[in-house]
Amino acid sequence: MSQHSDRNVDDLLQQRQQQQLIANKRAHNLRENTENGDTTDDFKASPSVSSTKRLKTNNENDSQDEDNHKTCQICFETFANSGPHRITSVTCGHLFGESCILSWINKREHTTSTGKVPAKCPLCNTPVRKTHLRPVFVSKVMVEDTTRIEELKAENSQLKSDLARLRHLYDEEKLSANQQRVWFRKEREQFEEREKAYKKQIQRLQRGDAIDSNEDAEGAIKKAMQFASFFCKPLNYRIPSDYKVRPYEFDAIYGSAQQMYLAQISGRALALNARQDMLVASVSQSQTSASATASGHGLQKISLTDTDQCDFIWNHTKVIRDIQCSPFADANVLSTGLSKEMKLTCIHSKCDIVSYPLGNQGWSCAFDNRNNNLVYCGLANDTLNVFDARFTKNVLARLKGPSDCPLHSIAVVSHPHDGQKYILCSNRARSYLWEWHGPEDSVLKTLPDQGHGYKPYSLSYNEQTQSVLVSSRGQDVSRHAIYSLNNLQEHVWSVDSKGPQVPLARTCHYSYDASQDPADATICFSDHDSLSLWNRAGRVQSIPTGGMVLDVKSTKLASGPVLAALGNDQRLHLFNYL
């Protein structure tokens, strides 16, 4: 409770005394005039004053009296039910704050030659002493009700939460709108280029130049005109001069196998997207090609339902090391390589959504399996960069591994029981994981070695069996071990293969049936000039590929399982599981 200075209290008291003296004088004059029968006009009741006006005056006085009961008449502060300013009564019955009336008495009580002179009540001049003071205890003091304030605070907090959610939705819609805007602009430009190219192709076919023996000129013209009429088709089939599609070869051993040549492949990565029924592989285009419309490195998209549908996106200046397709229902692709950047690309609109500068060569990349805003990139110095797609200016986290070897493999997984996120990593020296608790609190844990002299060159994760495959190379033998996510310290089973391996070639494992047991997984890896498939019981099959395999991936489409292998002879092999 606020306290006034002595000077302010004295001024208020003097003013109150003057007002009281004037009122007493007027009352005395009124009584004398009434007794003498001589009433002046000043004190006559005006006959023109209506009852309504008198009622209004009474109501105003009642309101003023009610306010007086709530506040101390010395300091005009609200009474308290306890403390130094609690309600205190004096002899005459008037109420004041205890601290105020004590200060009043101390200032005005004095001693003379005749005795001690007490102070007087500020309102009626009744003598007042300290012994006359009595605290008044009431059941309720007129205080401000805070219920409405708390309700307003809760409503304000809810509005702030709704505003943050709406802002998040707005940012997502804005990003989607920008993607669509870029897609439409590029589609129009590409359509114009495509139209010119098809017109030239039609003219060339009409002249009878370089007609394929398997297709007559009339059919080729009809097909070209049909392609040229699709403006909204999200494919841009641009064929470089040095690109040629070979006739498909069928392999009766494993099922139907399709082989095709990629456009001067110098990349070594591929990815499958079962939701979009597409395959994405890294390619490069010769800078010496006279008729090439672009030069550099990029992505080649191939439809798994119709392999005639093919498209190119040239978005890197150097060799691409890794490609990953989004696990969510979109057509986004991550790619990174020696150009020291990672790109998030919409494969349908053929435009880069975000480009992340790395500061070092990128060797691996991955999407988060739960949060579509988080992406990861492994660098050449064994550093893991974590990015948030909503905040592209800064790195969310930099996690430095135990060595300086290139981080060639990343897999982001969540434990099935407690939901704990793990980031599995592997470099040329060893495999390890980050137990993710946030950008600043992640914990590094090492995984067991395959044996003395074995160095890991590939790591992959299978969601169905919740298992991890680690492939390591020894002096003359390669070892492939399956680990359960529930126990990463002991492998479930392993297989050894003799013979040479392409440096940093990738392996994979899969399970096409409904089993979720890591023991039922099948391992697929390159073995000399074939693709070798093993399960726990032994070798399942050996598929000839005509050369070493750089990367192999497997997925399950609506039409059935598909196995894709990228060879070091510029060939892509597609196998349908029987």
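Biologist: In S24, which residue is the bridge partner of glutamate 435?

Modeller: This is a predicted model, in which local features need pLDDT of at least 70, side-chain atom pairs count only at pLDDT 80 or more, and totals for chains, interfaces and linings use all residues. Residues are numbered from 1 along each chain as its sequence is written, and side-chain values use heavy atoms, with hydrogens and water left out. Strands (E, at least two residues) are DSSP runs numbered from the N terminus, and two of them pair if DSSP finds at least two bridges between them. S23 and S24 (residues 443-446) run antiparallel, joined by four bridges, and in S24 the partner of glutamate 435 is valine 443.

Biologist: How many residues of S23 are buried?

Modeller: Buried means under 20% relative accessible area, with a 1.4 Å probe and protein chains only. Ser431, Leu433 and Glu435 point one way from S23, Tyr432 and Trp434 the other way, and all are buried. For S23 (residues 431-435), the count is five of five.

Biologist: Which residue's backbone oxygen does the side chain of serine 364 reach?

Modeller: Serine 364 lies in strand S17 (residues 362-367). Its contacts (heavy atoms within 4.5 Å), leaving aside neighbours within four places in sequence, include Asp322, Tyr376 and Leu407. At 2.7 Å, the side chain of serine 364 reaches the backbone oxygen of leucine 407.

Biologist: Why does proline 406 count as buried?

Modeller: Proline 406 lies in the loop between strands S20 (397-400) and S21 (407-414). Proline 406 touches Trp363 and Leu379, among others. It counts as buried because its relative accessibility is 13%.

Note on methods. Buried < 20%, exposed > 50% of the residue type's maximum accessible area, 1.4 Å probe, protein only. Polar contact = N/O pair within 3.5 Å; in protein donor to acceptor, adjacent residues only side chain to side chain.
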